[in-house]
Amino acid sequence: MGCSGRLYFLTLVLCVVTELAIGVRVVPKRKKEAISTADDQSTSASWWQAGTATPFRESSSSAFSSTHGLVQTHPSGSDPFASFGSIGSTSGPSSNPFASSGSGPLSGGVRNNPLPSLARNANGKPSLKHLDFTSSATAELRRNPALSAPDECARACRENEPPRICYYHFTLELYTVLGAACQVCTPNATNVVWSHCQCVLADGVERGILTANRMLPGPSIQVCENDKVVIDVENHMEGMEVTIHWHGIWQRGSQYYDGVPFVTQCPIQQGNTFRYQWQGNAGTHFWHAHTGLQKLDGLYGSIVVRQPPSKDPNSHLYDYDLTTHVMLLSDWLHEDAAERYPGRLAVNTGQDPENVLINGKGQFRDPNTGFMTNTPLEVFTITPGRRYRFRMINAFASVCPAQVTFEGHNLTVIATDGEPVHPVQVNTIISFSGERYDFVIEANNIPGAYWIQVRGLGECGIKRAQQLGILRYARGPYQPSSQPPTYDVGIPQGVVMNPLDARCNITRNDAICVSQLKNAKHIDPAILQERPDVKIFLPFRFFVYRPEMLFQPNTYNRYLVAPGGDHVISLIDEISYMAPPAPLISQYDDINPEQFCNGDNRPANCGQNCMCTHKVDIPLNAVVEVVLVDEVQIANLSHPFHLHGYAYNVIGIGRSPDQNVKKINLKHALDLDRRGLLERHLKQGDLPPAKDTIAVPNNGYVIIRFRANNPGFWLFHCHFLFHIVIGMNLVLQVGTQADLPPVPPNFPTCGDHLPPISLH
Ligand SMILES: CC(=O)NCCc1ccc(O)c(O)c1
């Protein structure tokens, strides 16, 4: 990472890190923990709270202990230290979260045994009177023996095994961090796929949150490639509607289950259950709410779609691909996200988070008192000599990039956004909201415990938001011997995956750009043809309102109070996206055609703050090129763009080569393109990687291509949450309605209700 002047905050931070990394800094010392037994913990609900300044607990029976769960990909036997039974073997026990035998998750219980069969009524249907509230999550599994439970689906994948139908039930609720559930149990690390403990600790700071099944993150969906996934989303959030998007799942043939409100479905009303069904493309993905700001309040979880090792070009590089070695990063507030929208002028301004969580875990240092909460950190356990696949998911909502570093261990990146790449070795990975990076860690250091550091960059540098986790060798100590890395004195960063400086046109020994990764899968040769069938330039920026314009009587335009106080909306190609009143996919004819717009069809009198349903039509099977141009040009702010329904090839990333041009814009990008000066990797052997989310470097551009062979209405948008809600989206309509499967019978409808005014 260079130390040039542009990225002021970040550059400052990274330069400090690079140069002072070896120096030792005094950190506040953690006092010895007084409470040691499990009983004591359950009666003291406050031992982890800020102000008590208690340290790590070291008992192996504590919440701090190692993690379990095994998906073995290589036939070298099960990892004795990371498993509670080889669920890769057909005869091995599987733990069924729905087992009604009262057994805990560790004691097994195979599903076709303990579930009582239901009484059936005269027409053969199960009698519903036997279902109580608590069994709502199990009812479908009991009723339908063809379904597999979450823990049965989280398994090693074999070539000739019949696919399963994996059933999940998400109950969405308003919930609490550090609620009274924490007097009943302490969550342990086995709750990846399902949890029997309803205590949510987060970073040890009490707040109201939104949860799926009272877990943070919500349940992990882990299946094999040809499995069918069924998720019943039961919405019990008071006064809230919701949709869930399955980020990275292409939804071929199930386009109407993509989870975008008013594009692919009506939002799920409070009290309603909506059944999503899809088959997943392989890779590391995640799910999250796509409505409002709910994602930032806790509605997210991981998705892993595994393959038999023979189908993964990188499977020879790792021995284990464990259910528990998913690493979901999220940013965290100590208040509802809505407190930051539209935004404030005096207290808690801007949208930057207070903290970062790793798999929903972490500690918080109160900047006013210096006290640290004592909640458990995430621990990943490894066995000496073995190689582990980690699946990292950036589920941030804010604009902060996240930098992940493992003390004493290299990271071999083998996939991004679910798609395999030729392996590259790095020391640290910078990722943006929506991105995933899979990497291999070899347990080749001295057996011990090592720090994992996740640092929020960009705006997160202001509060110096970071989180720690622990990489622990089995049978070794729980506590690293080194001082915990601080924000300013971090783990030496070495080679950076995804540098923020956009210097991607040269080979360098300090960084690897995403556009320099090489795809490990076959690339459609048409993608690499010189001229795409369709070429779209999409500049994006903010429009800054003058308060006199925004607060005109009887006008109610939406806005965000950005850090610094500007009142802004987002524009892509000079349009701020507004959702239509009914879903495009299911009620197209209910929508007034005048609602739609794009750069070539702007509504008459649409001013500087043009708001309409931005839709660009693309012929089915066309080779499409999109050039994203950052006209925001705020140093530090690089917008990650996510396309639903596809993985696109990243053809180029860069900034203007023209030294005289200080700021890029559409006009200049068009000019560069005409002169052949936009970076495009189209040569034989360039192998541009496939991704579904890519950050456009500030004051730079990104070029992506894809073959539009998945018909549908696909949202394309900046993945920052607060930018979505102020319009940084558009819809790509690929093909026509006739190319799409019809929506299932009785698909919910919605829309305006504006009957003639009548007095009767
Ligand atoms: C002049 C201008 O474009 N101001 C917008 C600044 C802004 C907007 C949104 C953010 O998230 C952010 O970090 C910064």
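The ligand has an oxygen atom that sits 2.8 Å from an N or O atom in the side chain of His723. That is a polar contact, meaning a pair of N or O atoms within 3.5 Å; within protein, one must be able to donate a hydrogen and the other to accept it, and residues adjacent in sequence count only if both atoms are side-chain atoms. Of the ligand's 380 Å² of accessible area on its own, the protein covers 83%. Those areas come from the Shrake-Rupley method with a 1.4 Å probe; for residues, only the protein chains shown count as cover.

A word on the source. This is a predicted model, in which local features need pLDDT of at least 70 and side-chain atom pairs count only at pLDDT 80 or more, while totals for chains, interfaces and linings use all residues. Residues are numbered from 1 along each chain as its sequence is written, and side-chain values use heavy atoms, with hydrogens and water left out.

Back to the ligand. A nitrogen atom of the ligand is 3.4 Å from an N or O atom in the side chain of Asp566. Which other residues surround the ligand? Besides Asp566 and His723, they are Val399, Glu459, Phe542, Val544, Ala562, Pro563, Val568, Ile634 and Leu637; a residue is near if one of its heavy atoms lies within 4 Å. By type, the shell holds eight nonpolar residues, one polar and two charged.

Next, the strands. A strand here is a DSSP run of E with at least two residues, numbered from the N terminus, and two strands pair if DSSP finds at least two bridges between them. Seven of them form an open sheet with mixed pairing, in the order S12-S20-S19-S14-S17-S21-S22. Its edge strands, S12 (378-382) and S22 (511-512), each pair on one side only. Inside that order, S19 (residues 449-456) and S20 (residues 466-473) run antiparallel and are joined by seven bridges.

Last, strand S28. Six of the eight residues of S28 (residues 611-618) are buried, so the strand is largely enclosed by the rest of the structure. Buried means under 20% relative accessible area, with a 1.4 Å probe and protein chains only. Which strands run parallel to S28? S26 (residues 576-577) does, over two bridges, with Tyr577 opposite Cys612. S27 (residues 596-597) also has two bridges to S28, and Cys597 stands opposite His614. S36 (residues 729-734) pairs with S28 over four bridges; there, Val616 stands opposite Leu732.

Technical notes: Buried means under 20% relative accessible area, exposed over 50%, partly exposed in between (1.4 Å probe, protein chains only). Ala, Val, Leu, Ile, Met, Phe, Trp, Tyr, Cys and Pro count as nonpolar, Asp, Glu, Lys and Arg as charged, and the others, Gly among them, as polar.
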